[in-house]
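Please look over the sequence and the model first.

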Amino acid sequence: MKLFKKWIAAVLSVSMILSVPGISVQAEVFSKEQREEKMQEADGGAGVIKQTAEAGQKIIPEAAQHAEEEQQIMPGALEFVMQESASIKAPGTQNIVASLGQENKAVTLAQLCYRNKEGQEFIAESAAIADNIVKFTMEFTDNAQADVYELSYIYYEAAKEKYQVNFRELGMEVKFGVNCETDAEPDEILVDEDIMQEVEASVVTFDENGNVVSDNSVQDVLEDAGNLQRFSAERSSAAQRAAGSMVIMLDPGHDSTHAGARGNGCKEEEAVLKIANYCRQELQKYAGVTVYMTRESNVCPNGGSAVDSGTCNAKRVELAVKRKADVYVSFHLNSSSSTSPSGVGVYYPNGSYRPAIGAEGKGLATEIYKKLSALGLSTWAGGILIRNSEDNTQYPDGSLADYLSIIRRNKLAGIPAVLIEHAFLSNAADVSGFLNSDMKLKNLGVADAQGIAAYYGLTVGNGQPEIQWIQARGSNKLRISWSQATAAESYQIYRSNSENGSFTKIAELSGDKYDDENVGPGVPYYYKICAVFSNGKKSDYSKIYSGMTLATPAITGIVSRGGGKLDIKWSPVEGVGAYELLRSDSQEGKYKKIISTAENKFVDQNVTLQKNYYYKVRAVGGDNNGYGSYSPILSGWAVPKTSITSVSSKTSTSLQIRWKKVENAYAYRIQRSTSKKGKYKTIATVKNGKNSYIDTKVKEKKNYYYKIQVMNRVNNKTGYSSYSSAVSGKTITGTSMIYVRSKSSGKMELKWKKEPSAYAYSIKRSTKRNGEYTKIAEIRDRDITTYLDKNVKGGQKYYYVVEVIIKNKGVRNYSGDSKPKAATNLKKVTIKSLQAGSEGITLNWEKAAGANTYIVMRSTSGSSGFQQIAKIKNADYTSFTDKNVTAGARYYYRVRAIREGKYAGYGSYGKISEKWMLAAPAGFKVTAIKQTVTPDTPPQIQLRWEKVKGATGYAVFKSVKEDGDYEMIALVSGNGTVSYKDSKVSAGKVYYYKVAAVGTIGAESGNGDETAPVSAVIESVK
């Protein structure tokens, strides 16, 4: 990761681009001969190379290639590069300083290649070399050289080896401008940004041995050649405090929320907690020492994710002030993006503002460094160091403040503080040698304690132990911690219910902690202890120390509130300092503290809508941040608000409100007002998953405003969302039907009044006035006011209504149904019979429901030429005699039903019926001829009838059943032939006969009416 930061040197305004040791890169290089040749061609001190290259193109002269063949050019190492100015004015000078390779390998030759924006490359020879630090000077003599220049690579030789580093391959963009400003960001530092911010370690320029050069100017670096001033180990006057009691605050840096560095399987916040605990155990062996910790576990003690690391650190210093600490020691582990840096370094306060604190810190840092170094740790950054503010932060007296907030805040509070970077997590050797086991971590903690004791002159005590702290560890447990007495075999713990009451021994054990689990919540207890030595003697009792557990709160409700929040409340606990509320995404999942608060309620605003969260809470407070037991777990989820999709007219006196459904919603609360910002009143609560409501208590064409609140139901408590935005609507009025009429048998015609604002008309139909109406059509043309219903049955009465639809912002508004109008569809009239008689042809037809008039039509061709011959204006008259007929002629008839009135209705014409104007023969008789039946004389049946006027012959029909199918068996020609004998009969069998007159019109012929059937049977005669 790249980190950009501006560094201000002590003498020059130097922009430094820093590189971590061990990062090697490969780049192009010119041979020595070629470089000398190019330098001879150079124009002025800037060394213009006359050969150019496209951006990114490699320029490797032939001589350089030969050089590579003679001796391999190896990747070089860049410790740092410093640029004196981001921009200069011509004539002017730019100085570049770089630390190359390793300090014990002196650089003997170095060349810097840089290029302008057009790709022209330039070579600058080294102006000065001190060990492995090289200075390059470029002179820009006139304005023609104005441009932006970028460093390309450095070629150098050391210990008879050739090396090269390339800035672009290193990921560095080093630029400066001549007579112009560059657009480069502030200078680049190759360290891990997260590590620097979390560890608060000083990011300095350092070489392989950890020598600091970042606070020096270019000239200082050349003069010092990488050597670091080392501080003396003189003690401050504060060491004299060891004669009395001393309070030491140990600060294990970071926590599980504000995590530290990572490397080689080790986590900083976990390792430093162990180191600090081992340091505390060792310090407790010394007389007159009281030790406190800023945290006892990996959990953040100051608000978790609700606070940033800066706030957490500030609260740690506040705790030191509260405990009246004499000194503050912060434990850390270092890290780098390179695996090379290693060893220990201890930060102490600078000498400005309260110099005595700086001096005391310097002395303490020196002693701690000595003890840690004695374990075999290498020295990083000179062993002890300071880091000043980089943004000109000042102390109250105007002097430059310390950079590290832990040191700066403690100095402001009057407490000397040091920050120990024990080793590098990024260095595998440091981890394996000093960090990868509890024993190795204990060695570090013990060394820290010995350094503190050495500086302050602490002595191992033989007196009575002293209770360090009592901490609640749940609602039924108190942990007592004490300082150990030298040579003590065990410790006896005594307890009383009052400070002046009778004390009872409750335990005897070795060690320095005891958990009293026989206590009740919210009850104060008093403790004192004494040491027991091998000779059986006891020490004096310690001072009496009190402690009290905290009762377990109970979450009383987790309720959704407007704005996507969860309102959590719990029962209060007496004597609480604060409550810690923890949350998880699942009941059995990992819980994370989200707030520490003095109130017994909290509004969780950092939730995802409709996601279930699980909560538990405990009380914290008392000495050393004790805590009670966690409450039972309770869950809840925040209900999102909905939005109204439409408020539309349902009828002229009702409005329909529709909204978006919300998953798992318990109900929706609907409120209404007559003005947008007026007073809203709840008019309905809708449940059962419905997302629409019809408000029937509205007035025609009046505007109403609605808003909706979503409700959920969790743990028998109702939660709410925010209200939706208000949406308004008003009813619309409809139209009325003009008529409904039968247009034909199978079609009904409707007409209604036009509505100028209509988007569409909805047509509905029913077979009952008060029955259910079904939509049968929608007419999307406001100018069309008629509709032909083709899906009807003749003889059925239909009721119709029409509804106006108006579209407003894409939403349909309905007027409600008009008053119904009805009419019967007039069915086709079926002619039941046509009878030819002496007066003419008589028609009989079926009555048509709804008709009050019938039209009789006649034709002589059957396919055309129909003319009305009668109009019968009586619904009950269903017959008509056509007297204007001619005997022997053929006629075709059809009848139509009509409903006359203002808007007449019509049925369709019925099926055409055909009739010849010939009457049925009268006197039709059938007689079996009695005779002896022989082979030569077969049986016969005689048929006779009377002559029919106009007949040209007669047709004879026979069947074996009276109502069966009749077959024509003879066509008798001539009007006068009125008999026929049927010989195709059998004895003992019944036969049925009919006769019809036959007439002729032109070339066509046809039958008149048939006689009724007459039967006969042949009897056998022997």
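Strands (E, at least two residues) and helices (H or I, at least four) are DSSP runs numbered from the N terminus, and two strands pair if DSSP finds at least two bridges between them. This is a predicted model: local features need pLDDT of at least 70, side-chain atom pairs count only at pLDDT 80 or more, and totals for chains, interfaces and linings use all residues. Residues are numbered from 1 along each chain as its sequence is written, and side-chain values use heavy atoms, leaving out hydrogens and water.

**Four-stranded sheet**
- Y526 stands opposite S546 in β29.
- Strand β28 (residues 524-533) runs antiparallel to β29, joined by four bridges.
- The open sheet has the order β26-β25-β28-β29, with antiparallel pairing.
- β26 (504-509) and β29 (545-548) are at the edges with a single partner strand each, so one side of each lacks a neighbour in the sheet.
- Neighbouring strands are turned by 30° against each other on average, direction ignored.

**Three-stranded sheet**
- This open sheet has the order β46-β47-β50, and its pairing is antiparallel.
- Six bridges join β46 to the antiparallel strand β47 (residues 747-752).
- Y739 stands opposite K751 in β47.

**Helix contact**
- The axes (lines fitted to C-alpha atoms over the stretch in contact; angles run from 0 to 180 degrees between N-to-C directions) of α7 (residues 309-322) and α9 (residues 405-412) come within 10 Å and cross at roughly 35°.
- In contact (heavy atoms within 4.5 Å), G310, N313, A314, V317 and A320 of α7 meet S405, I406, R409 and N410 of α9.
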